[in-house]
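Here are some notes to read alongside the model, written for someone meeting a structure of this kind for the first time. Please keep the sequence and the 3D view open as you go through the points.

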Amino acid sequence: MSGPLSGQVALVTGASRGLGRATALELAAAGAHIIVTARSTRGQSTQATLPQTTVDDTADAIRAADGQATPLRCDHTDPAQVEAVIRHIAVTHGRLDVLVNNAWGAHDRHGVGGGPELWDEPLEQLRIMLLAGAYSDYVTSLLSLKHFMAGQGRGLIVSTTWHTEEPPGWLPYEVSKAAKNRLVYTLGHKLRDRGIAVVGVAPGWMRTELMLQHHTEQELAGQTETPHYAARGIVALARDPQVSRHTGRILDVGELADLYGVTDLDGTQPQWYARHLEGRAGG
Ligand code: NAP
């Protein structure tokens with residue numbers, strides 16, 4: 001498929017479902033060849049009860065829409081597996097233009113909440129969020145830079161995240177996102193003069209496959225967006241020749257909508273963060 005990103009290669013981590021899957025589909029629709037990674041392959045899924053949530057399903061959906069994709073199994077918390085993905089990209093494509101760090105392990109523990117007090121929070125929660133989160137972003141970014149992007153002298157690294165300067169929320173989530181965001185900030189500043197932009201993208205509450213499984217339509221109505229909204233914001237960043245002006249920053253999806261005119265699938269431009277802050281200020 002030809003498009004504004006034709007000839008470019010993008011690696012989207014955690015692309016078997018959710019925001020990663022939508023981002024892979026939208027980047028492919030813009031013409032890029034997508035390397036689709038996650039741990040789930042057909043017949044070996046981390047989400048046995050959720051149909052069509054493997055890297056193979058995402059790649060099939062891209063190809064069905066005339067796009068180009070390569071599904072690869074990868075646990076991004078394991079540097080050796082990430083190195084193998086990078087080697088594959090080197091041998092097959094010889095370039096990497098866009099890296100979307102989206103692998104997110106938090107939902108491995110879905111349904112296991114904390115107790116009534118802060119100190120009853122399962123200690124394991126922070127560890128899994130830091131591992132498939134800041135650590136996997138760190139490993140994948142550094143290996144991508146070492147093998148491609150630094151040598152190419154151009155590129156875009158996106159991290160999917162959350163605004164941590166908001167009023168405080170769930171403790172392990174806030175701590176893990178702060179680590180991701182600090183990585184965006186520091187990497188962005190260190191790479192500023194090398195032609196590589198590093199940007200965080202914060203979606204609102206999304207109707208992902210998991211959210212639809214765990215919340216009722218009534219709970220989700222009126223305050224959610226599809227993952228394609230943030231995914232389209234990421235495509236807009238990848239298309240922007242002046243994307244380096246955003247380096248080191250976290251942009252929420254409403255800001256991306258204002259900047260680039262992107263819309264959700266239904267043509268709307270939800271402003272989840274603006275509404276969230278208003279609500280907190282009021283209450
Ligand atoms: P999700 O539906 O749980 O998807 C997470 C993805 O990461 C899956 O593809 C999963 O695939 C993959 N993954 C998990 N551990 C991995 C590992 N060790 N190695 C490789 N891949 C791994 O999550 P999401 O809701 O799309 O969230 C994506 C991002 O958006 C996160 O940063 C989240 O905080 C942010 N966000 C989400 C919402 C929301 O409403 N959902 C709101 C604001 C921000 P496998 O299980 O197959 O490995």
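1. Before the first detail, one term is needed: two strands are said to pair if DSSP finds at least two bridges between them. Please also keep in mind throughout that this is a predicted model.

2. Start with strand β2, residues 33–38, and strand β3, residues 68–73, which run parallel and are joined by 6 bridges. To find one of these pairings in the view, look for I34, whose bridge partner in β3 is A69. Between them in the unit comes helix α2, residues 55–64, and together β2, α2 and β3 make a β-α-β unit that is right-handed.

3. Next, where is D97 placed? D97 sits in the loop between α3, residues 79–92, and β4, residues 98–101. Is D97 buried or exposed? With a relative accessible area of 4%, D97 counts as buried, because buried means under 20%. The side chain of D97 reaches the backbone nitrogen of V9 at 2.8 Å, and V9 is also one of the residues that D97 touches, when residues up to four places away in sequence are not counted.

4. Although T161 and N181 are 20 residues apart along the chain, their C-alpha atoms are separated by 7.3 Å, and a polar contact of 2.6 Å joins their side chains. Leaving out residues up to four places away in sequence, T161 touches N181 and also K177, K180, G200, V201, A202, P203 and I250.

5. Finally, turn to the ligand, which 32 residues surround, the closest being S16, R39, S40, T46 and H107. In the side chain of T46, an N or O atom lies 2.5 Å from an oxygen atom of the ligand. Polar backbone atoms take part as well: one of T160 is 3.2 Å from a ligand oxygen, and one of M206 is 2.8 Å from a ligand oxygen. Taken alone the ligand exposes 890 Å², and the protein buries 98% of that. Which elements give two or more residues to the shell around the ligand? They are α1, residues 18–29, α5, residues 171–190, and α6, residues 209–214.

Technical notes:
Residues numbered from 1 in each chain as written. Predicted model: local features only at pLDDT ≥ 70, side-chain atom pairs only at ≥ 80, totals over all residues. Heavy atoms only, no water. Helix = DSSP H or I, 4+ residues; strand = E, 2+ residues; numbered from the N terminus. Right-handed = clockwise from strand over helix to strand, strands pointing away. Buried < 20%, exposed > 50% of the residue type's maximum accessible area, 1.4 Å probe, protein only. Polar contact = N/O pair within 3.5 Å; in protein donor to acceptor, adjacent residues only side chain to side chain. Contact = heavy atoms within 4.5 Å. Near = heavy atom within 4 Å. Areas by Shrake-Rupley, 256 points an atom, 1.4 Å probe, with all protein chains shown as cover.
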